[in-house]
Amino acid sequence: MDDTRNVEGRLVHELTSWLAGAATPHTFPFTAVLDTFHRTGKHFVAGEMLALLDEARRRLPGPRPTADDDRRSLLSDFLDVALDKWDGRYDYRSYLALRLLRMPCGTDEQRPAVDDATGRRSRDRLLVRLIADALAFEMSAAERATDLLPQGRPPPAVVAKRCRLGIRAVTPALNRLGIAAVAGDGEPVSATALRTVATDLDAAGDLRLRLSMLPVHVTHDEYLFIRVLQAYECLFAGLADELRAAALALTGDAPCSAAERLGHARELLGGASPIFSLLATMQPESFRTFRQYTEGASAIQSRSYKLVESLCRAPGEDRLDSAAYRSVPEVRALVRSGQPTVDEAYRSAVRTGRLRGPDRDLVARAMDAFAEALLQWRRTHLRLAVRMLGSRPGTGYTEGTPYLAAVRELPVFTAVAPVPPPTDSTEGCPA
């Protein structure tokens with residue numbers, strides 16, 4: 001407690017001095033602010049400090065900075081995330097600090113225009129960095145090299161399992177990036193080597209990555225929880241890019257090229273299944289401890305997931321008017337404006353004769369395979385939620401597992417035959 005008061009006192013002094021001086025983004029005490037948030041949890045930061053941060057935000061001159069003004073943009077984004085509860089606008093995106101991560105795809109309004117190959121590599125790099133950072137925290141805590149989030153440390157066997165699963169989760173991305181051989185001689189990449197690889201991938205982005213970790217409590221497992229959800233946001237934003245391109249291909253002169261896009265999307269989703277297994281190592285009691293302070297933030301507010309669903313096929317009016325889509329007004333507006341979908345584009349290509357014979361079969365198989373992977377993801381999500389939540393309501397004022405159960409078998413596509421649910425109830429269970 002005394003250490004926390006000392007840290008808070010130093011931060012008040014640093015912020016007061018910064019405000020009294022030039023107050024430039026380049027001299028802002030990011031490290032001191034982050035240290036204070038980590039020692040108390042965002043939910044418990046003292047009002048005096050939040051008021052000083054609010055004053056710092058008001059000192060930022062002019063309109064919202066552009067991505068080109070990186071340090072000023074960084075400070076603006078960080079203060080918006082740090083002050084979400086103070087402002088009364090705390091939600092899923094601010095909890096995960098998605099603006100700070102600048103997701104290189106999906107619906108992020110700050111994303112740069114990039115070619116397909118660059119976009120795919122950017123997503124893979126970010127995914128590796130997020131999971132590697134989670135494992136680095138696990139190892140640091142196990143080695144007692146950090147006192148960050150000290151409550152509910154997992155036993156050594158759980159830490160070892162997390163490292164194994166985390167490496168499995170990023171191996172497909174490492175393969176695509178051409179750096180999976182970092183361990184040499186065919187040996188698996190170690191968690192330590194993975195940390196080095198992640199740093200080399202984007203050392204310049206290290207501060208943004210560190211600032212994107214703002215837990216609400218001091219429970220150890222919240223670190224893993226946040227990084228896994230950020231990784232899934234990266235994944236689904238990438239799926240959205242692939243599905244958008246597939247729909248566009250189906251309307252063009254080479255509709256069969258949509259099969260490659262759908263195939264890559266299937267590869268992304270299938271390869272990421274160990275991420276659920278990684279999350280399944282979270283201690284239920286730890287989860288129930290920190291989730292008390294996440295009310296208002298729920299995965300039902302995920303733009304990327306709803307974008308994926310709505311790019312597959314247009315949701316019906318009941319679904320579009322549900323809490324799920326009212327939580328993502330930007331995506332709802334895209335659907336209302338007639339956003340192209342893979343389902344309708346496939347129907348049109350078949351109806352007009354532009355897609356037929358073997359090409360039609362190729363695309364249909366790709367759609368079927370992606371649909372199967374997405375349905376399996378939903379079922380696994382439900383099983384994990386039941387394990388962690390039971391019958392408790394969800395955060396974000398949602399009904400929790402009953403909602404997930406109701407939507408798990410929603411058809412992904414209707415233009416091709418639906419995939420039947422598995423008969424083995426244990427299929428895909430996190431392990």
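A residue counts as buried when its relative accessible area is under 20%. This criterion is applied below to a predicted model.

**First selection: Phe 30 and Phe 78.** The structure holds 18 aromatic pairs. In one of them, the ring centres of Phe 30 and Phe 78 are 5.8 Å apart and the planes stand at 65°, so the pair is edge-to-face. Phe 30 belongs to helix 2 (residues 30-40) and Phe 78 to helix 4 (residues 70-82); the pair therefore ties together parts that are 48 residues apart in sequence. Both Phe 30 and Phe 78 are buried.

**Next, Phe 137 and Tyr 223.** Here the centres lie 4.1 Å apart with the planes at 15°, so this pair is stacked. Since Phe 137 lies in helix 8 (residues 116-142) and Tyr 223 in helix 12 (residues 221-250), the pair ties together parts 86 residues apart in sequence. Phe 137 and Tyr 223 are likewise buried.

**Then the ring cluster.** Select Tyr 90, Tyr 95, Phe 225, Phe 287 and Phe 290, which ring pairs link into a cluster.

**Helices 9 and 13.** The axes of helix 9 (residues 156-177) and helix 13 (residues 258-271) come within 8 Å and cross at roughly 140°, which makes helix 9 oblique to helix 13. Ala 169, Pro 172 and Arg 176 of helix 9 meet His 264, Glu 267, Leu 268 and Gly 271 of helix 13 in this contact. Its residues comprise three nonpolar, two polar and two charged.

**Finally, colour by pLDDT.** The protein averages 84, and 81% of the residues score at least 70. Residues 104-113 stay under 50, with 32 contacts beyond four places in sequence. Residues 181-187 are also below 50, with four contacts beyond near neighbours in sequence. Where pLDDT is low, the predicted coordinates should not be read in detail.

Notes. Residues numbered from 1 in each chain as written. Predicted model: local features only at pLDDT ≥ 70, side-chain atom pairs only at ≥ 80, totals over all residues. Heavy atoms only, no water. Axes fitted to C-alpha atoms, helices over the stretch in contact; angles between N-to-C directions. Helix = DSSP H or I, 4+ residues; strand = E, 2+ residues; numbered from the N terminus. Parallel < 35°, antiparallel > 145°, perpendicular 65-115°, else oblique. Contact = heavy atoms within 4.5 Å. Nonpolar A, V, L, I, M, F, W, Y, C, P; charged D, E, K, R; others polar. pLDDT = per-residue confidence, 0-100. Phe/Tyr/Trp six-rings, centres within 6.5 Å; stacked < 30°, edge-to-face > 60°. Buried < 20%, exposed > 50% of the residue type's maximum accessible area, 1.4 Å probe, protein only.
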